[in-house]
Amino acid sequence: MGIGSKARRLALLAGMAVCAFGMSAAEAAGKHKIFLSMSFIGNDWQAEAANMVKAMASHKSMADKVDLQVQVAGPNAQRQIQQINAMVQAGAEAIVIFPISPTALNQVVKNACDKGVKVFAYDAEITEPCAYNVHIDQEEAGRVTAEWLVKKLNGKGNIIAVTGVPGTSVDDLRTKAAKEVFAKHPDIKIVGEAVGMWSQAVARTELSKILATRSWDDINGLWMQVGCFTANSMQLEAGKKVSELLPCAGEGSNGGRIQMLPEGTEVEGATSPYAPLGAPRISYASPPYSGALALKLAVEALDGKEVAKKTILPLPVVTNETIKLCEKAPGRR
């Protein structure tokens, strides 16, 4: 063997040793390789949910069990499919996912399951039977909020509807259930409808477009998956009195719930529109901890524990009658 051949052979062996060392180190760590697959991220809820997944992965109860990697597909089903395929090829043991579609990912999810990968969807659903789903009853959310608004308007009035991210099971189910309620009351008219993408900023833009052809005086109520805080703010900007704010059925943002508190409630740092206004509201939310719970359940499944295919979380609903100011964060003394 020549010197050149010997050098190449030694280099090859060194490379193999490096690879072997890397593999054995990962195996020695005993961690489950788990991916977080996110789709649309253009709102606060998605960021909060992702942060909770990451926090769960780094918690002392999980840190020595989980190697978490995060990928973002955007609102593009094909891109999410490609990323899931790549995750499986990279050795994923579990994938925690916010699916952009309840059906478009079914084949790639089935392929992942066939290779032994556990797939856990949070908030939005995947209909492939091998997937696990963790979410609230989205139809109940749409129905309960629509029924509240109908009752508040005594079954009559013009309303604006602002929906969520198109194509997701969350948006489809909520909107379908709400419209079924409104259809039972012919004197309830949807005079304006827009896609709000679960974003306060987008809701403002879309409301502004609707209000270009009509005034707040033409509207009696609002059904908004996200945007009640913004709608109240816009009404005040337009000169409406606090007592004239329209009833709004919508999201559980902190600003919106602060507005629900009775006028005069002392809130540190509060200035209008982020202030107690007694704004007529029903507020609900998909708990952003659903992703963290999905991760926890995925680890349990990988550890051999029996996990239900569907976990339905309680629907957290708050009205003006039940709203309370949390003066201290939960768990703090």
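A disulfide is counted here as a pair of cysteine sulfur atoms within 2.5 Å. The structure is a predicted model, in which local features need pLDDT of at least 70 and side-chain atom pairs count only at pLDDT 80 or more, while totals for chains, interfaces and linings use all residues. Residues are numbered from 1 along each chain as its sequence is written, and side-chain values use heavy atoms, with hydrogens and water left out.

## Disulfides

A disulfide is a covalent bond between the sulfur atoms of two cysteines. The structure has two of them. Counting bonded cysteines along the chain, the pattern is 1-2, 3-4.

Cys 113 is bonded to Cys 130, with 2.1 Å between the sulfur atoms. This link of Cys 113 and Cys 130 is right-handed, with 80 degrees about the S-S bond. Because Cys 113 sits in helix H4 (residues 106-114) and Cys 130 in the loop between E4 and E5, the pair ties together parts that are 17 residues apart in sequence. Helices (H or I, at least four residues) and strands (E, at least two) are DSSP runs, numbered from the N terminus. Cys 130 has a relative accessibility of 17% and counts as buried. The classes are buried for under 20% relative accessible area, exposed for over 50%, and partly exposed in between (1.4 Å probe, protein chains only).

In the other disulfide, the sulfur atoms of Cys 228 and Cys 248 are 2.0 Å apart. The link of Cys 228 and Cys 248 is left-handed, with -80 degrees about the S-S bond. Cys 228 belongs to helix H8 (residues 228-237) and Cys 248 to strand E9 (residues 248-250), so this pair ties together parts that are 20 residues apart in sequence. Both Cys 228 and Cys 248 are buried. Cys 326, by its relative accessibility of 62%, counts as exposed.

## The open sheet

Strands of a sheet pair through backbone hydrogen bonds, either parallel or antiparallel. In this model, six strands make an open sheet with parallel pairing, in the order E2-E1-E3-E4-E5-E11. Two strands are taken to pair if DSSP finds at least two bridges between them. Strand E2 (66-72) and strand E11 (310-313) are at the edges with a single partner strand each, so one side of each has no neighbour in the sheet. From one strand to the next, the twist averages 15 degrees.

Ile 136 has Leu 313 in E11 as its bridge partner. Helix H2 (residues 44-58) packs on the sheet and touches strand E1 (32-38), E2 and strand E4 (118-122), with its direction at about 160 degrees to that of E2. Contact means heavy atoms within 4.5 Å. Axes are lines fitted to C-alpha atoms, for helices over the stretch in contact, and angles run from 0 to 180 degrees between N-to-C directions.

Ala 298 is part of helix H10. Its relative accessibility is 0%, so Ala 298 counts as buried. Leaving aside residues up to four places away in sequence, Ala 298 touches Ala 94, Val 96 and Phe 120. Ala 298 and Val 119 are 179 residues apart in sequence, with 7.8 Å from C-alpha to C-alpha.

## Salt bridges

Side chains of opposite charge can pair when their charged atoms come close. A salt bridge here is a side-chain nitrogen of Lys or Arg within 4 Å of a carboxyl oxygen of Asp or Glu.

| Pair | N to O distance |
|---|---|
| Asp 303 and Lys 65 | 3.9 Å |
| Lys 176 and Glu 139 | 3.5 Å |
| Glu 193 and Lys 179 | 2.8 Å |

Asp 303 forms a salt bridge with Lys 65. Asp 303 lies in the loop between helix H10 (290-302) and E11, and Lys 65 in the loop between H2 and E2, so the pair ties together parts that are 238 residues apart in sequence. Asp 303 is partly exposed at 40% relative accessibility, and Lys 65 is partly exposed at 34%.

Lys 176 and Glu 139 also meet in a salt bridge. This pair links helix H6 (residues 169-183), which holds Lys 176, to helix H5 (residues 138-152), which holds Glu 139, across 37 residues. Lys 176 is partly exposed with a relative accessible area of 43%. Glu 139, Lys 176 and Glu 180 are linked in a network of salt bridges.

Glu 193 pairs with Lys 179. Glu 193 is in strand E7 (residues 188-195) and Lys 179 in helix H6, 14 residues apart.
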